[in-house]
Amino acid sequence: MAMAEFPERRGSPLGLLHRLAESDLLHSFLSSPVTVVAAVVTAVFVGAAVFAPWVAPHDPFDLASVNLLDALLPPAWMEGGEWRFPLGTDDQGRDVLSTIIYGSRISLGVGFASVLFALLIGVPLGLVAGYAGGRVDAIIMRIADVQLSFPAILIALLVDGVARGLLPRELHDEMAIYVLVFAIGISGWVQYARTVRGSTLVERDREYVQAARLIGVSPARIMARHILPNVLGPVLVIATIHLALAIITEATLSFLGVGVPPTQPSLGTLIRIGNDYLFSGEWWITVFPGAALAILVLAVNLLGDWLRDALNPKLR
Amino acid sequence: MAETGRQALLQVERLRVEFPTRRGRLVAVDDVSFDIHAGEVLGVVGESGAGKSVTGSAIIGLLDPPGRIAGGRILFDGQRIDDLPEERMRRIRGRHIGAVFQDPLTSLNPLYTIGRQLTETILTHLDVTPREARERAIRLLEEVGIPAAARRIDAYPHEFSGGMRQRVVIALALCAEPRLVIADEPTTALDVSVQAQIITLLKRVCREHGAAVMLITHDMGVIAEAADRVAVMYAGRIVEIGPVADVIRHPRHPYTVGLMGSIPPLHRKVERLVQIAGSMPRLHEIPPGCAFHPRCPRCFAPCRERRPERFAVAAGHEVACWLYGEAGDAAA
Amino acid sequence: MLAFILRRLVQSVLVMLAVGLIAFALFRYVGDPINNLVGQETSLADREALREQLGLNDPFPVQYARFLAGAIRGDFGYSYIYRRPVAELIAERMPATLELSFAAALLALLVGVPMGVYTALRRRGILAQAFMMLSLIGVSIPTFLIGILLILFFGVLLRWLPTFGRGEVVELGWWSTGLLTVSGLKALIMPAVTLALFQMTLIMRLVRSEMLEVLRTDYIRFARARGLRSRTIHFGHALKNTLVPVMTITGLQLGSIIAFAIITESVFQWPGMGLLFVQAINEVDIPVMAAYLMLIAFIFVLINLIVDILYYLVDPRLRIEKAVAHGHG
């Protein structure tokens with residue numbers, strides 16, 4: 001009869017790094033060129049977003065530097081374009097490349113924040129549901145099931161609409177980003193909760209948890225120190241895929257006009273603005289932000305796909 | 001080698017199965033040779049990871065990729081089957097070589113009735129009408145001990161208990177009248193109380209249908225009960241092979257000795273059970289020479305360097321151990 | 001079986017009540033209904049009288065019950081923006097949305113399932129890898145962007161298809177259909193493809209991953225060990241076992257098409273309920289929002305119910321629970 005098994009403690013960061021370096025993970029990452037490209041692309045976007053003021057050739061929101069005379073210039077390689085504005089300008093004279101960089105900032109910012117929010121709701125709820133079981137579990141899972149049958153976009157739209165109704169207009173504009181993060185986050189917590197709950201159920205019955213309970217370790221401590229580290233893998237996979245979804249949702253909401261306020265345009269807003277000029281031939285105002293959005297989401301999705309395959313014990 | 005002049009039903013010659021992995025090629029089955037004669041039950045015993053199931057999978061052509069046969073030959077009725085194209089091999093499976101796997105619950109498709117699964121197998125291989133196929137199926141179910149077979153034939157797998165399901169699986173393995181059945185741990189997933197019944201059933205039904213059996217298991221008790229001959233595997237190699245009674249009562253290879261000693265005997269009291277120190281090496285850590293030598297109480301010079309050949313020690317009984325070679329103490 | 005249906009029905013009703021509560025809370029407490037119905041100059045006294053008249057001072061449960069009663073009748077009050085009964089607005093727009101949704105659902109299924117099966121069976125083939133890449137792109141490009149690109153390409157550049165609206169419609173009693181006219185059908189193509197694409201790729205990936213999972217099972221291995229033909233194994237055993245769980249998820253996905261129609265309708269100016277809803281969100285037209293919410297919830301609950309029943313019918317394990325419990329075998 002085998003001795004009681006004590007699972008690896010993956011909590012320590014240094015240990016994590018060490019194991020990461022010589023693990024199959026790194027090898028599998030490097031051996032897939034697509035994934036490497038995806039990671040690089042994502043890193044470029046994130047870098048550009050974070051360092052936007054230094055990276056962007058112009059500041060599109062500095063009203064002083066924007067000149068209406070520069071409006072509707074085509075991309076540099078076409079006739080009439082200038083290399084000052086590599087991807088052309090929009091109807092206000094703003095450099096499209098710069099708006100894309102700043103727009104990515106908003107898109108990524110809202111995306112990450114929403115994922116974080118959803119995580120912070122979903123993971124604890126999942127832990128509690130799995131650990132406590134019984135009625136608590138039943139209630140949480142019921143709510144999750146019901147919410148799961150409604151698409152995220154609908155929930156996000158609704159939350160936004162309610163906020164719009166509850167807050168006076170000026171306040172709403174100021175708070176729009178927070179409302180958006182809340183809306184997208186609240187529409188996405190369920191996946192985290194379910195997965196975490198599943199893992200918790202498995203871990204809860206293991207001997208080391210029972211031993212800890214016998215000794216008298218508090219449930220919160222058990223959940224945080226013992227169960228949580230073992231659950232991080234799947235959570236990471238979900239978070240990556242959710243990030244892509246969050247970015248798309250934000251872009252969609254902004255495109256529909258119910259997302260970020262016009263003063264802080266995201267990639268979705270830019271696409272909406274450009275849409276009006278599609279028929280008159282100034283296609284670059286929409287297409288470039290659109291391409292940027294698609295590439296970003298594709299890269300994140302590829303990373304998520306790779307992560308899921310790499311962390312899947314069944315495929316090893 | 002085997003003593004009879006008749007050609008063996010199955011001849012495995014120097015079989016080698018490899019799994020290419022990132023860390024190099026792992027050899028799961030290393031230069032394994034044995035025969036199975038028509039109608040006999042050959043037990044293949046060893047710990048988990050010894051290569052028994054892989055051998056069985058290789059014979060029936062169902063090695064899980066990336067595993068591949070990297071050397072040796074497998075002959076069935078004198079014809080090579082290890083290098084056949086898939087369609088030819090498919091016709092051999094079920095019709096000439098059948099299989100019984102470990103877990104009866106997962107071996108049966110939950111969405112189809114057992115009757116459907118039986119008749120489709122029969123119709124694939126035998127030239128009979130659907131009605132005849134159904135009758136055969138019912139008869140087979142009766143043979144394996146399913147009560148009210150004519151009614152139960154239209155039931156779904158989950159309506160049966162574990163033991164009953166394994167009986168259905170055995171019926172399925174035999175329904176196309178194969179001459180060899182590879183039974184991979186057929187009782188391991190069953191309740192202890194049911195295991196004996198199933199083994200007896202398997203042996204009886206195969207005998208009645210004239211099928212030889214390759215009985216793969218880690219349970220010596222099952223071997224003692226059902227096998228005519230037994231092959232002991234360790235780290236992908238056969239260390240001892242011979243008639244069951246002989247191997248059990250007079251085990252030669254130190255590993256086999258250890259195996260027999262670790263079973264508590266019914267008739268005598270023993271102070272302590274024999275325990276073999278250490279554990280079977282992982283596939284990528286197999287030691288040079290004899291794979292067992294680090295754990296062997298009788299290890300001597302050649303064991304560490306050269307892989308032992310097979311030496312005959314009695315009629316039909318061979319051991320792969322230097323002790324039985326010319327230089328060894330126990331040479332016959 | 002009956003007990004099962006009954007149980008599900010009760011659950012459905014409970015969900016509807018819960019959603020109804022949310023919709024009602026929206027209706028009553030977000031913004032002030034009175035403010036939206038009267039002008040600025042109306043006196044406080046008049047407002048109070050109106051409040052009394054509309055029953056807005058009654059206790060909560062009474063108002064809730066009244067709301068529910070109205071909802072069942074289809075009466076959701078008047079739109080703040082259009083000043084017309086909400087029910088009328090929705091009825092007007094429903095055919096457009098439903099036709100679009102059905103077309104998209106059909107497309108998603110007819111293309112998604114076979115592609116999923118193909119990419120599972122021919123894993124390493126070039127075409128399969130290409131499909132997988134395309135599907136990844138399909139999931140990554142937001143629906144509205146696809147719509148825009150299609151409009152740009154087929155509408156603006158090639159001028160093959162109309163870029164907005166429904167084309168000519170034919171009135172059949174209460175229903176208005178665009179399926180009977182050439183211009184109607186032409187107008188349907190791009191929106192339907194746009195709406196279907198996301199679902200199609202999801203379905204394809206789902207079918208593929210489920211089928212790959214099934215192909216790894218012991219019973220498939222046993223089937224192969226019995227020498228069954230590939231065709232029998234793939235399309236007899238594997239396909240059936242794949243489609244059963246896929247069915248539930250797919251059904252729910254198709255339900256969500258109706259919600260995703262919101263986006264497509266916006267891009268193509270398709271005169272459906274979705275477009276109405278977006279405008280309602282923008283203008284804070286609460287009655288429309290509440291009504292749409294209830295309607296969508298109802299559709300979802302209905303689809304859920306149908307899918308559950310279908311699942312029950314198809315999977316024998318669920319049906320015969322009782323028999324096993326009574327000790328057979």
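1. Confidence in chain A. Chain A has an average pLDDT of 80, and 89% of its residues reach at least 70. pLDDT is the predictor's per-residue confidence, from 0 to 100. This is a predicted model: local features need pLDDT of at least 70, side-chain atom pairs count only at pLDDT 80 or more, and totals for chains, interfaces and linings use all residues. Residues are numbered from 1 along each chain as its sequence is written, while chains are lettered from A and ligands numbered from 1 in the order in which they are written.

2. In chain A, helix α1 (residues 13-21) has the lowest confidence, with a mean of 57, and helix α5 (residues 96-132) the highest, at 89. Helices (H or I, at least four residues) and strands (E, at least two) are DSSP runs, numbered from the N terminus. Over residues 1-10 of chain A, pLDDT stays under 50. The model gives that stretch 8 contacts beyond four places in sequence. A contact means that C-beta atoms, placed from the backbone, lie within 7 Å.

3. The A–C interface. 35 residues of chain A contact 32 residues of chain C. On the chain A side, the elements giving two or more residues are α7 (152-166), α11 (219-256), α12 (267-275) and α13 (284-311). α7(A) supplies the largest share, 10 residues. By class, this side has 24 nonpolar, 9 polar and 2 charged residues. Here Ala, Val, Leu, Ile, Met, Phe, Trp, Tyr, Cys and Pro count as nonpolar, Asp, Glu, Lys and Arg as charged, and the others, Gly among them, as polar.

4. α3(A) against α13(A). The axes of helix α3 (residues 33-50) of chain A and α13(A) come within 8 Å and cross at roughly 130 degrees. α3(A) is therefore oblique to α13(A). Axes are lines fitted to C-alpha atoms, for helices over the stretch in contact; angles run from 0 to 180 degrees between N-to-C directions. Under 35 degrees counts as roughly parallel, over 145 as roughly antiparallel, 65 to 115 as roughly perpendicular and the rest as oblique. Residues of α3(A) in the contact include V34(A) and F45(A); those of α13(A) include I295(A) and W306(A). The contact has 12 nonpolar, 2 polar and no charged residues.

5. α4(B) against α7(B). Helix α4 (residues 114-125) of chain B and helix α7 (residues 162-174) of chain B have axes that come within 9 Å and cross at roughly 15 degrees. The two are therefore roughly parallel. I114(B), Q117(B), L118(B) and T121(B) of α4(B) meet V168(B), A171(B) and L172(B) of α7(B).

6. Chain B overall. Chain B has 12 helices and 12 strands. Its C-alpha trace spans about 65 × 50 × 45 Å along its principal axes.

Definitions and conventions
Two residues are in contact if their C-beta atoms, placed from the backbone, lie within 7 Å.
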